[in-house]
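This report describes the architecture of one protein chain. The sequence and structure follow.

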Amino acid sequence: MGRPFGVPVFVSPSWFPIALLVTIMFEGQVNDAIGRPASYLVAFTYALLLYGSVFVHELSHAVTARRLGLPVRSVTLNILGGETSIEREAPTPGREFLIAFAGPLVNFVLAAAGIAAHYLLPTPPVASLLIDALTIANLLVGVFNLLPGLPLDGGRLVRAAVWKITGHSRSGAVAAAWIGRGVAVACLLTGVWLATLPGRGFGWLALLWSAMVASTIWIGATHALRAERVRDRIPLLSARRLARRATLVTADTPLAEAVRRAHEARSGALVVTDHDGRPLGLVSEKAVTATPEQRRPWVSVGDLSRGLEPDLALPADLTGEDLLNALRRAPATEYLLVEPDGGVFGVLAISDVDRAFAGI
């Protein structure tokens with residue numbers, strides 16, 4: 001939708017049914033002040049302004065993170081409100097706290113501005129209704145986001161606090177994620193309670209809303225727990241351990257012959273070299289698999305290879321976070337692993353890296 005402060009902003013498809021739901025729920029109040037169909041237009045305007053508040057909330061996270069030296073990938077408006085994607089975690093609990101608290105703080109400032117406008121500005125009934133509704137909404141959004149569980153901002157505050165006390169970010173993340181699961185259950189039960197209240201007009205909308213919010217929080221908390229389990233495995237990653245033995249062939253070698261040599265050598269990859277043995281490219285495993293056996297004698301490996309760009313040749317000694325950073329810099333399906341002296345050690349397939357995290 002744009003790039004304010006250089007941050008890409010996206011709107012998830014899940015936003016649209018939520019905007020419709022907000023419009024339907026708010027239209028009943030608007031209808032007391034203005035007739036239909038204009039009441040639906042005003043209610044939809046409220047939905048847009050509400051998500052405008054959410055957008056400012058998320059943008060405050062992004063701007064704070066960038067001011068603290070952390071790169072921000074994007075801001076996305078979605079079913080829960082919004083999400084700010086920051087490429088790296090905050091290096092200290094203090095910075096984590098500042099980034100997390102920036103969002104609710106903006107909501108409280110907007111609520112204060114709404115209260116001031118209510119008492120200081122003469123406004124027509126419809127505008128007054130919108131201002132009052134947005135004031136209450138910003139108060140609720142600020143308070144809701146301070147609930148103490150991931151993926152909410154309050155969960156990040158809990159994470160920062162436990163991190164500060166224990167000295168371990170993992171302990172904070174695990175504690176906040178489990179609390180987040182508790183918050184999800186509490187949201188669902190609250191929705192059930194509101195739906196059963198007599199004469200309150202909540203009904204199925206309250207139950208549907210709470211179910212969507214609860215499921216989103218539960219999923220976010222579960223992803224946080226899974227991320228910690230993944231992080232535990234990162235130091236164990238080793239390019240050498242995950243590498244496949246490579247068979248070196250020239251570009252004019254028929255694919256059938258290259259596959260035969262690879263089977264004889266019990267290798268799992270093909271590397272294209274010049275006649276002096278210098279690597280020139282990598283043969284795609286998917287391309288080999290997709291080539292019918294009857295055609296392989298007539299297809300050369302050069303036809304299925306990708307040129308060896310500098311970022312696709314990695315030191316064989318890479319491990320842990322250094323290995324993952326190298327893979328992020330140049331996304332590909334295969335990488336050439338080279339020894340310190342420039343010799344070929346083998347090929348690292350991204351599918352093998354994925355399997356290293358399987359079952360988490």
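## The open sheet

Strands β4 and β5 (residues 269-273) pair in the parallel sense over five bridges, with A246 standing opposite A269 of β5. Helices (H or I, at least four residues) and strands (E, at least two) are DSSP runs numbered from the N terminus, and two strands pair if DSSP finds at least two bridges between them. The model is predicted: local features need pLDDT of at least 70 and side-chain atom pairs count only at pLDDT 80 or more, whereas totals for chains, interfaces and linings use all residues. Residues are numbered from 1 along each chain as its sequence is written, and side-chain values use heavy atoms, with hydrogens and water left out.

The two strands belong to an open sheet of four strands in the order β4-β5-β6-β7, with mixed pairing. Its edge strands, β4 (246-250) and β7 (305-307), each pair on one side only. From one strand to the next the twist averages 35°. Helix α9 (residues 255-265) packs on the sheet and touches β4 and β5, its direction making about 150° with that of β4. Contact means heavy atoms within 4.5 Å; axes are lines fitted to C-alpha atoms, for helices over the stretch in contact, and angles run from 0 to 180 degrees between N-to-C directions.

## Hairpin and antiparallel pairs

Strand β5 runs antiparallel to β6 (residues 279-283), joined by three bridges, and T273 stands opposite P279 of β6. Five residues separate β5 and β6 in this hairpin, and G277 in the turn has a positive phi of about 85°. Strands β6 and β7 also run antiparallel through three bridges, with G281 opposite G307 of β7.

The unreviewed UniProt entry places the feature "domain: CBS" at residues 242-301; such annotations may be inferred rather than shown by experiment, feature names are shortened, and positions are given in the numbering used here. Over residues 242-301 the chain is 30% helix and 25% strand, with end C-alpha atoms 24 Å apart.

## Nonpolar cores

A nonpolar core is a set of buried Ala, Val, Leu, Ile, Met, Phe, Trp, Tyr and Cys residues joined through side-chain atoms within 4.5 Å. Buried means under 20% relative accessible area, exposed over 50%, and partly exposed in between (1.4 Å probe, protein chains only). The largest core has 20 residues, of which L314, L323, L327, Y335 and L348 touch the most other members. Elements α8 (239-242), α11 (320-329) and β9 (334-338) each supply at least two residues of this core, and α11 gives the most, with four. Not counting residues up to four places away in sequence, the contacts of Y335 include L282, D311, L327 and I350.

A second, separate core of 18 residues includes V30, A43, A47 and L77.

## Helix α4

The 21 residues of α4 (residues 125-145) should span 30 Å at 1.5 Å a residue, which agrees with its end C-alpha atoms being 30 Å apart; the expected span is 1.5 Å times one less than the number of residues. Among its buried residues are L130, L134 and V141. The buried residues of α4 pack against α1, α2 (38-67), α3 (93-120) and α5 (153-166).

## Backbone exceptions

Most residues other than glycine have a negative phi, and most peptide bonds are trans. The bond from L150 to P151 is cis, with omega near 10°, and P151 lies in the loop between α4 and α5. R266, in the loop between α9 and β5, has a positive phi near 55°. R266 counts as exposed because its relative accessibility is 74%.
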